[in-house]
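This report describes a protein model and one of its ligands. Please look over the sequence and the structure before reading on.

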Amino acid sequence: MTPRTPVTTPAGAPDTADTDDADSTDGTVSTDGTGTVAEATTFVGLTLDRHVHASDRAVNLARDVLSGLAANPRELPPKWFYDATGGMLFDEITRLPEYYSTRRERAILDDHASDIAAACPADTLVELGSGTSEKTRLLLDALRAAGGLRTFVAFDVDESTLAQAGRSLIAAYPNLAVHAVVGDFEQHLSHLPSGGRRLIAFLGGTIGNMRPAKRGEFLRALREQCGSTDALLLGTDLVKDPDRLVAAYDDGAGVTAAFNRNILTVINRELGADFNIRGFAHVAQWNAADSWIEMRLRAVRDQRVTIDSLALAVDFQRGDDLLTEISAKFTRGGITAELADAGWAVAQQWTDPESDFAVTLATPSTAPTAAPI
Ligand code: SAH
Ligand code: AVI
């Protein structure tokens, strides 16, 4: 069961959420079943569903930390970067001179949003890993101009950024039903609102934060959720000069380092751990064999970390690494091949003039061409 909280459900406005697991639809103030009071009623039209709530989050984090710290090499899933602070730090990263990818993707959408809307005149835009949904406004504008847009579904694991983005979109698009869904796109794709013609956007290169096998699973699961008129819009960072790549993940102002270390702050707060944030250095390296950037936290001295909720003590020797993120970089042909393996046919693909980034529009093909990895 996944409790739902209508942030507002105004009289007369359609409530697009599932109803079988609703805690409350009174349209005022409600709780998520864990005692958390939801937002008040100022912003007409925003519905917020939670498929991850506080108790799931703690259990999932505990499981990931336990298995990740027991693994060799040690590794944590990057979704745990994103609490309110992590979301803000990522937003700051998108404006860094070294971090080209957000600007490049925005330029592509600037040039081609109307082509995308013409190819898929959807009534519902769904965005996975939506964050602030800033660039997405270009798609909303184009779909609105194409005539049929009614609903925007923003799906993200970080509730604070999601709620803030939802409120701001409602103010900017008064006739749009904005449906915010707090969920994990590796687990909750079956909870995506269905019906109508949907364009599913997965932007920012976030698919590159999954390993190839996970990407295949994800793309196949998404394909299974889609009808013949739905389409996928996928943003991917492209392979380029390693020096530029490393600089994008190790900026001069240290914002990416703060973002990386934020995962330790999340674990300290949510699992009662005592990571000394300054005891770990930010490391970004290009792995040419796997075609991805690796972000790590490297112990700067011998240290013992205790994690109260797990009744665990973990020793780090100076120089020990904790892998916190991979960020894969693609070729245009590689994207087409991965999509085809998962049952998607490329309809159109655009890049920026420097070929730094690609945006690919794909439609469901008749059947996946490859067995699951
Ligand atoms: N799409 C935006 C944000 C990219 S940052 C852009 O292009 O700028 C990555 C986003 O994905 C964050 O908002 C983060 O909270 C979200 N995210 C990361 N892992 C996730 C997961 N497993 N499920 C859902 N959202 C996730
Ligand atoms: C969200 N994701 C695509 C970003 C990336 O570039 O891999 C996350 C990030 N990590 C460091 N900087 C940005």
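## Overall fold

In this predicted model, residues 24 or more positions apart make up 72% of the contacts with a separation of 6 or more; a contact means heavy atoms within 4.5 Å. The protein has nine helices and 15 strands, which are DSSP runs numbered from the N terminus (helices H or I, at least four residues; strands E, at least two).

The protein has 373 residues, and 53% of them count as buried, that is, under 20% relative accessible area with a 1.4 Å probe, protein chains only.

## Around ligand 2

Ligand 2 has 14 residues around it, each with a heavy atom within 4 Å. Y99, N209, Y249, E325 and S327 come nearest. The shell consists of seven nonpolar residues, six polar and one charged. Here Ala, Val, Leu, Ile, Met, Phe, Trp, Tyr, Cys and Pro count as nonpolar, Asp, Glu, Lys and Arg as charged, and the others, Gly among them, as polar. At least two shell residues come from each of α2 (84-93), α8 (255-271) and β13 (321-328).

## Polar contacts

A polar contact here is a pair of N or O atoms within 3.5 Å. The side chain of Y99 has an N or O atom 2.5 Å from an oxygen atom of ligand 2. For E325, a polar side-chain atom lies 2.6 Å from a nitrogen atom of ligand 2.

## Conventions

Residues are numbered from 1 along each chain as its sequence is written, and chains are lettered from A and ligands numbered from 1 in the order in which they are written. Local features need pLDDT of at least 70, side-chain atom pairs count only at pLDDT 80 or more, totals for chains, interfaces and linings use all residues, and side-chain values use heavy atoms, with hydrogens and water left out.

Note on methods
Buried < 20%, exposed > 50% of the residue type's maximum accessible area, 1.4 Å probe, protein only. Polar contact = N/O pair within 3.5 Å; in protein donor to acceptor, adjacent residues only side chain to side chain.
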